[in-house]
Amino acid sequence: DEESYYSSRRHSRRSSVIIVNDLQLPTPVSESEDDEDSIWTPVINGLRKNLLPGFFVSFIAFLIVVCYFQVTAFHNGVEKFSEYKQKLGIAASSISTSFFAGLLPWIFMTSKQQFFSRHELPFPRIPTNYELKCLLFLVIYFAFSGAQSELFYRLQALIF
């Protein structure tokens, strides 16, 4: 009887699902009952934490594409930005990358906990005494990273 209990227990674990925002995900398959730290646990936890932000980012990307083709003012704005990028060259890539990858994340990482009162912060906190040093590092690092990316894209354009 003990053997049938364990085989039915394993079978029921294999057939159960976790429901995350109306999405059914299979539970991890484990041979022992006490194996809570299976390889699937961090995967499922990551899916849970990133499902809503991933949907939000995808939705914003979808809106940008739709607006580009359907809204004349948006299309003209993107074209004007393209002209500025052509005039500024590598500096435009450095400025935009340092802003979007350096300054904006720094603002969120130094923001107050009350702003995110309902949810746990999805990014690390910066200690108060290192905030300005971190800002300086992020802005300079991503400015160089933007220039490097632009130069690499130009190299690819020459090669291909």
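User: What makes the residues of H2 and H3 count as meeting?

Analyst: Contact means heavy atoms within 4.5 Å. In this predicted model, Ile64, Cys67, Tyr68 and Gln70 of H2 meet Thr72, Phe74, His75, Val78 and Glu79 of H3. The residues of this contact divide into 5 nonpolar, 3 polar and 1 charged.

User: How do you know that the length of helix H3 agrees with its number of residues?

Analyst: Helix H3 covers residues 72-88, which is 17 residues. At 1.5 Å a residue they should span 24 Å, and the end C-alpha atoms are 24 Å apart, so the two values agree.

User: Why is serine 93 called buried?

Analyst: Buried means under 20% relative accessible area. Serine 93 has a relative accessible area of 7%, so it is buried. This serine lies in helix H4. Leaving aside residues up to four places away in sequence, serine 93 touches Lys85, Gly146 and Glu150.

User: How many of the residues in the protein chain are buried, as a percentage?

Analyst: Of the 160 residues in the protein chain, 18% are buried.

User: How do helix H4 and helix H5 cross?

Analyst: The axes of helix H4 (residues 90-110) and helix H5 (residues 131-159) come within 7 Å and cross at roughly 145°. The crossing in which H4 passes H5 is right-handed.

User: Which residues make the contact of H4 with H5?

Analyst: On the H4 side they include Ile90, Ser93, Thr97, Ala101 and Trp106. On the H5 side, Leu135, Leu138, Phe142, Gly146 and Glu150 are among them. The residues of this contact divide into 13 nonpolar, 7 polar and 3 charged.

User: Why do residues three or four places apart in an α-helix point the same way?

Analyst: An α-helix has 3.6 residues a turn, so residues at that spacing point the same way.

User: What makes up the protein chain, and in which order do the elements run?

Analyst: The protein chain has 5 helices and 2 strands. From the N terminus on, the order is α-β-β-α-α-α-α. Among contacts between residues at least 6 apart in sequence, 42% join residues at least 24 apart.

Note on methods:
Residues numbered from 1 in each chain as written. Predicted model: local features only at pLDDT ≥ 70, side-chain atom pairs only at ≥ 80, totals over all residues. Heavy atoms only, no water. Axes fitted to C-alpha atoms, helices over the stretch in contact; angles between N-to-C directions. Helix = DSSP H or I, 4+ residues; strand = E, 2+ residues; numbered from the N terminus. Left-handed = near helix turned anticlockwise from the far one by under 90°. Nonpolar A, V, L, I, M, F, W, Y, C, P; charged D, E, K, R; others polar. Expected span 1.5 Å × (residues − 1). Buried < 20%, exposed > 50% of the residue type's maximum accessible area, 1.4 Å probe, protein only.
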